[in-house]
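Me: Hi! I have a structure to go through with you. Could you help me read it?
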Amino acid sequence: MALAQQLRAKSDFEQLPDDVAISANIADIEEKRGFTSHFVFVIEVKTKGGAKYLIYRRYREFYALQSKLEERFGPESKSSQFTCTLPALPAKVYMGVKQEIAEARIPALNAYMKGLLSLPIWVLMDADVRIFFYQSTYDSEQVPQALRRLRPRTRKGKSMSTHNTSLDLMEAPRAEALFDFTGNSKLELSFKAGDVIFLLSRINKDWLEGTAQGVTGIFPGAFVKILKDFPEEDDPTNWLRCYYYENSINTIKDIAVEEDLNSTPLFKDLLDLMRREFQREDIALNYQDAEGDLVRLLSDEDVGLMVRQARGLPSQKRLFPWKLHITQKDDYSVYNTAP
């Protein structure tokens with residue numbers, strides 16, 4: 001059956017993949033530490049298929065999503081034929097206690113998510129919206145400290161109608177069956193060659209989970225051709241490599257930092273982070289110049305110079321291109337003093 005015919009076979013909402021978010025509610029806030037401490041919102045998400053899980057998002061991720069949606073779907077958008085009125089996002093706050101700011105944002109962010117998930121299906125199916133509410137591996141590995149604010153769901157799932165359904169579902173992860181497949185158990189999904197299967201998850205390298213003709217099950221990936229793959233997971237954790245010098249011994253430690261690889265920390269934040277990690281107050285921060293000599297960091301300007309010099313250098317995935325060398329504050333023997 002052709003894709004267009006399958007899309008018209010049932011109501012718009014019923015044809016949405018089961019992993020599409022239909023409600024979201026902030027359950028708590030938690031403090032995390034990057035170069036400096038920050039708070040994340042612990043959000044309980046419910047999907048169309050009835051699944052419930054927790055995701056962890058910073059305010060800046062809400063802000064980045066809203067910026068993309070305004071460019072794509074806002075009244076002034078020139079990149080899409082579809083526009084709508086987006087919900088209002090609480091503005092940035094530059095002064096105040098971080099925890100109090102996060103607490104105060106909860107009602108407004110809940111209202112924002114409620115409004116966002118009540119928009120037309122073509123917004124719900126937008127790749128950035130789906131990624132925002134998608135539970136990444138990082139999210140699933142987190143252990144919530146508390147869930148103090150669980151409230152009634154943002155909204156109930158309901159059927160919706162729009163004449164643009166075919167275009168909406170073209171954004172969903174999906175595959176086309178290359179051959180007939182008959183499942184051997186109730187867990188396996190049966191389909192015919194040419195059927196379009198909306199993908200829910202990747203079980204392993206050989207098997208997928210998906211929905212076709214209102215039935216959900218697992219099936220071998222070798223029987224289908226992927227038309228649109230799953231979005232890449234957005235893991236906010238990157239790693240800062242540190243070389244620690246003590247008594248002529250150099251040890252390496254990679255520190256998990258929830259900051260963008262292109263970010264430039266303040267000197268004070270970087271020093272505080274290293275003092276916490278190495279449990280020492282009498283340390284100095286350094287970087288290695290092009291000649292291999294250590295240069296001590298003393299200010300924000302020094303940190304900015306270190307970051308700029310490291311740009312363009314080869315680096316491993318999720319590893320900051322610049323490295324820190326941690327020495328004892330009063331140990332000047334590590335420096336090259338030759339003229």
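Me: Is E277 buried, partly exposed or exposed?
Reply: E277 is partly exposed, at a relative accessible area of 31%. Buried means under 20% relative accessible area, exposed over 50%, and partly exposed in between (1.4 Å probe, protein chains only). This is a predicted model, where local features need pLDDT of at least 70 and side-chain atom pairs count only at pLDDT 80 or more, while totals for chains, interfaces and linings use all residues. Residues are numbered from 1 along each chain as its sequence is written, and side-chain values use heavy atoms, with hydrogens and water left out.

Me: Thanks! Which side chain does E277 meet in a salt bridge?
Reply: That of K253, at 3.2 Å from N to O. A salt bridge here is a side-chain nitrogen of Lys or Arg within 4 Å of a carboxyl oxygen of Asp or Glu. E277 lies in helix α9 (residues 267–278) and K253 in strand β10 (residues 249–257), so the pair ties together parts that are 24 residues apart in sequence. Helices (H or I, at least four residues) and strands (E, at least two) are DSSP runs, numbered from the N terminus. K253 is partly exposed, with a relative accessible area of 31%.

Me: And how many salt bridges does the structure hold?
Reply: There are 14. Among them, R275 and E281 pair at 3.6 Å, N to O; R275 is partly exposed at 23%, while E281 is exposed at 55%. K68, R72, D126 and D128 are linked in a network of salt bridges.

Me: Changing topic: what does the side chain of T47 reach?
Reply: The backbone oxygen of D18, at 3.1 Å. T47 lies in strand β2 (residues 37–47) and counts as buried, with 3% relative accessibility.

Me: Nice. Which residues does T47 touch, leaving out those up to four places away in sequence?
Reply: D18, D19, V20, A21, I22 and Y53, where contact means heavy atoms within 4.5 Å.

Me: What pLDDT does the protein average?
Reply: The average is 81, and 84% of the residues score at least 70; pLDDT is the predictor's confidence in each residue, from 0 to 100. Over residues 1–10 the pLDDT is below 50, and that stretch has 19 contacts in the model beyond near neighbours in sequence. Residues 150–168 are also below 50, with 44 such contacts. Where pLDDT is low, the predicted coordinates should not be read in detail.

Terms used:
Polar contact = N/O pair within 3.5 Å; in protein donor to acceptor, adjacent residues only side chain to side chain.
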